[in-house]
Amino acid sequence: MSTPATSYFSTRATVRSFKPEPPSRELLREILEQAMRAPTTGNMQLYSAILTSSPDALKALRGAHFNQPASMAPVLLTVCADVRRFERWCEVSEAVPAFRNMQGLMAAILDASLYAQQVTTIAEMKGLGTCWLGTTTYNAPEIASMLHLPEGVVPVGTLAIGWPQDQPDQCERLPLEAVVYEEEYPSFTDEKIRDLYKAKDEFPANAKFVAENGKLSLAQVFTDVRYPRSTSDPFSEKFLMFLRAQGFGI
């Protein structure tokens with residue numbers, strides 16, 4: 001028998017067009033507080049989140065996300081990997097923290113990601129729509145400056161949150177066999193890879209992207225148009241420099 005939760009997970013879709021009216025502060029607080037029950041490394045909660053809803057702050061933050069349509073949501077939640085707050089607790093408790101390293105950074109990124117996913121699930125089950133903005137790390141220094149993030153705090157993702165303007169179509173997903181393996185990682189023959197990605201390649205919207213961009217395949221849309229080396233390498237270097245500036249010895 002189908003349950004509301006089952007129905008949600010099977011029909012879930014990303015929202016990129018929002019109504020201008022923001023959710024109430026009470027509803028947002030409820031969602032953000034409930035999401036704090038997300039799993040976390042060692043129960044340290046190495047994350048923080050900055051809620052942006054004022055017009056001027058939204059305008060600036062949207063620019064850092066290249067003014068993509070989903071960034072026009074009435075609320076943007078910047079989720080951060082945060083070792084600073086835990087460090088301060090250690091300091092006032094006469095303990096010596098050691099989190100400005102790769103292990104500390106990874107723990108904080110994972111904590112932040114788990115929290116963001118929990119916010120997504122709870123918000124959407126309450127009727128709101130969300131969109132994950134992966135552009136946060138592209139302009140992390142600018143976003144950190146806007147939000148006054150101190151050393152030890154790194155923005156890793158942003159959730160656009162609001163009431164959906166309409167019900168979006170679902171995009172395609174790989175079959176379960178493409179991502180879950182029994183006992184060990186498999187070897188992929190050319191034929192097997194083509195089979196696993198067949199539905200993705202033939203999905204109508206994806207076929208349209210290929211034609212519009214004059215490419216031979218969907219993979220070329222990703223490598224040549226959406227995430228080309230000419231932009232991914234500079235953004236990667238920029239983010240690495242920012243991480244070091246935030247005090248992480250990597």
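Predicted model: local features only at pLDDT ≥ 70, side-chain atom pairs only at ≥ 80, totals over all residues.
## Aromatic pairs

The structure contains 12 aromatic pairs. One of them joins Tyr-138 and Phe-235, whose rings are stacked, with 4.7 Å centre to centre and 25 degrees between the planes. Tyr-138 sits in the loop between strand 3 (129-133) and helix 6 (140-147), while Phe-235 belongs to helix 11 (residues 229-245), so this contact ties together parts that are 97 residues apart in sequence. Tyr-138 is partly exposed, at 24% relative accessibility. Phe-235 is also partly exposed, at 23% relative accessibility.

The pair of Tyr-181 and Phe-188 is edge-to-face, because the ring centres are 6.0 Å apart and the planes lie at 65 degrees, where an angle over 60 is required for that class. Tyr-181 counts as partly exposed, with 28% relative accessibility. For Phe-188 the relative accessible area is 29%, and this residue too is partly exposed.

## Aromatic cluster

Tyr-138 and Phe-235 also belong to one aromatic cluster, together with Phe-66.

How values were computed:
Residues numbered from 1 in each chain as written. Heavy atoms only, no water. Phe/Tyr/Trp six-rings, centres within 6.5 Å; stacked < 30°, edge-to-face > 60°. Helix = DSSP H or I, 4+ residues; strand = E, 2+ residues; numbered from the N terminus. Buried < 20%, exposed > 50% of the residue type's maximum accessible area, 1.4 Å probe, protein only.
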